[in-house]
Amino acid sequence: MENLALITIILPFVGAFLVGLIKNQNTFPKLATFFAVLATLGTLALAQQWYMSGEATVTYDVVRFGDTTILGITLDAVSTLIAFAVVGLGFLISLYSCGYLTDKNKEHSHPPLPRFYAFLLIFIGAMAGLVLSSTLVGQLLFFEITGACSWSLISYYQTPKAQSAAMKALIITHIGSLGLYVAAAYLFSKSGTFSIAALDALDPTSKTIVLFGVMFAAWGKSAQIPMQIWLPNAMEAPTPVSAYLHAASMVKVGVYIFARSVMSAGNIPEIVGEVGLIMAMITLIYGFLMYLPQTDLKRLLAYSTITQLAYIFIGLSLAAFGSKLAFVAAISYIFNHAFAKSLFFLVAGSLAYSTGTRSMPRLKGIIKTMPLVGTGFGVGALAIAGVPPFNGFFSKFPLFAAGFELGAEHPWITTLMVIALIESVATFVWLLYKFGQCVLGEASEEVNNAQPITLSMSIVLVVLMVMSVCSSFIAAYWLNMSWLG
């Protein structure tokens, strides 16, 4: 399993190197997609081998200096599940990009460049490495690689606004990474190791310092207050980049590293959960209020992502109070939201490709001329709003159940969960309104003149619609079977 994990991480980097050598526009998108497929198959094989080995947590040391492990790999229910999501979605984004990044795109008539696919593959490899890492140094290494890749991908179109947005994302997320530097250094000073598992043996004060360092890094990467401002501006990136970095992978780095620390820390001082919960609620309300006035579909989705990530932080903060149900809900949320929000972003990309606009007032009657895209809009909206049988419901329901259960011991948590419940209902009403406004009714001029989307784009939308229903069952089976025993 160790070799298979390393191959899965390294394959995208090898693919990126080869893509960078090829100049033929018909070759490098296919080659990139091929390597993304191989990496996805690697995560599936890794999960299958781990399952067959008995479902016990397995840790391998990769790089050691003396008795200190610098880089290592951890295989368990959480890492294998999230690795499949981030790598598999990387493949789907690469496939979608083969049809999207062409001179036929009405919004951005731009032929594909090798650097797009090269940096996308590096990002896929870095995400696999971060998810499987057993040490804070390993997480930090891949954390920084994702930051560099995001800078390149956000600035892909090389416009002043894109370059400014890319620099803002790089600076803010790098400021966040300082928390991870502090956490790694302090963990080593107290335990003599960088292993995340060593958190359990720390005294409460040391544990609090390390967890707050990780939390600060998580806020930066997952666009939580006070470091949320970079994400809406990052919508200057090509839409496949927005779907992958800002729905499925980059923004999930923050919540994942915090989840991994919470999972490994054992008994956590309540102050960690209290601060995490309060900040998540503030971000939740902020994100909701900010996406209400948006007319650009991608910016609406950016603020919606900030809000959905706040829900994940709520789950992890509740887990810090000792709730296993809240932890499983948070991990399921990471998995399920990645597919649902990627679908919604790619629907926005399909509309821009076909009509040349993302302005919702100009997008009316989508279902009449683009039934697949209109259906995807509806599925994405219902999944994000948490309507059964879509995957968002199976993330939100256990999260609220865990919150109200803890509210019996901490009444103030009940108050916060009621506020979150109101926000969830309001989101459903707002997205239903936007669905009726954009998808139903008479088609606008832009929609009437829309060109059809490509086959590769259509395939990806269908797969993501299916996963917006099925991913919750995959997560529930995998986590309950393996992690909870």
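One salt bridge is counted between domain 1 and domain 2 in this predicted model. The partners are E107 and R358, whose side chains meet with 2.8 Å from N to O.

- Domain 1 covers residues 1–267, and domain 2 covers residues 269–484.
- Contacts between the domains involve 60 residues of domain 1 and 59 residues of domain 2.
- Together the domains bury about 5,200 Å² between them, and 77% of that area is on carbon and sulfur atoms.
- Three residues, L81, Y96 and K106, supply 13% of the area that domain 1 buries against domain 2, which is more than any other three residues supply.

- On the side of domain 1 that touches domain 2, the elements giving two or more residues are α2 (28–52), α3 (77–100), α7 (204–221), α8 (230–233), α9 (239–248) and α10 (250–264).
- Helix α3 gives the most to this side, with 15 residues.
- Sorted by class, this side of domain 1 has 41 nonpolar, 13 polar and six charged residues.

- S94 belongs to helix α3. With a relative accessible area of 1%, S94 is buried.
- The side chain of S94 makes a polar contact with the side chain of T33, at 2.9 Å. Not counting residues up to four places away in sequence, S94 touches P29, A32, T33, Y117 and L120.
- K341 sits in helix α13, which runs over residues 324–355. Its relative accessibility is 0%, so K341 counts as buried.
- Leaving aside neighbours within four places in sequence, K341 is in contact with A247, L301, S304, T305, Q308 and I384.
- For a sense of distance, K341 and T375 are 34 residues apart in sequence and 14 Å apart in space, from C-alpha to C-alpha.
- S458 is part of helix α19, residues 455–483. Its relative accessible area is 19%, and buried means under 20%, so S458 is buried.
- Apart from neighbours within four places in sequence, S458 is in contact with L372 and I453.

- As background, most residues other than glycine have a negative phi, and most peptide bonds are trans.
- I225 and P226 are joined by a cis peptide bond, with omega about 15°. You will find P226 in the loop between α7 and α8.
- Another cis peptide bond joins P388 and P389, with omega about 10°. Here P389 lies in the loop between α15 (371–385) and α16 (391–407).
- Q158 is not a glycine, yet it has a positive phi of about 60°. Look for Q158 in the loop between α5 (136–154) and α6 (160–191). Q158 counts as partly exposed, at 43% relative accessibility.
- A223 is also a residue other than glycine with a positive phi, near 55°. The loop between α7 and α8 holds A223, and A223 is buried, with a relative accessible area of 0%.

How values were computed:
Residues numbered from 1 in each chain as written. Predicted model: local features only at pLDDT ≥ 70, side-chain atom pairs only at ≥ 80, totals over all residues. Heavy atoms only, no water. Domains from an automatic or database assignment. Contact = heavy atoms within 4.5 Å. Buried area = accessible area lost by both parts, 1.4 Å probe. Salt bridge = Lys/Arg side-chain N within 4 Å of Asp/Glu carboxyl O. Helix = DSSP H or I, 4+ residues; strand = E, 2+ residues; numbered from the N terminus. Nonpolar A, V, L, I, M, F, W, Y, C, P; charged D, E, K, R; others polar. Buried < 20%, exposed > 50% of the residue type's maximum accessible area, 1.4 Å probe, protein only. Polar contact = N/O pair within 3.5 Å; in protein donor to acceptor, adjacent residues only side chain to side chain.
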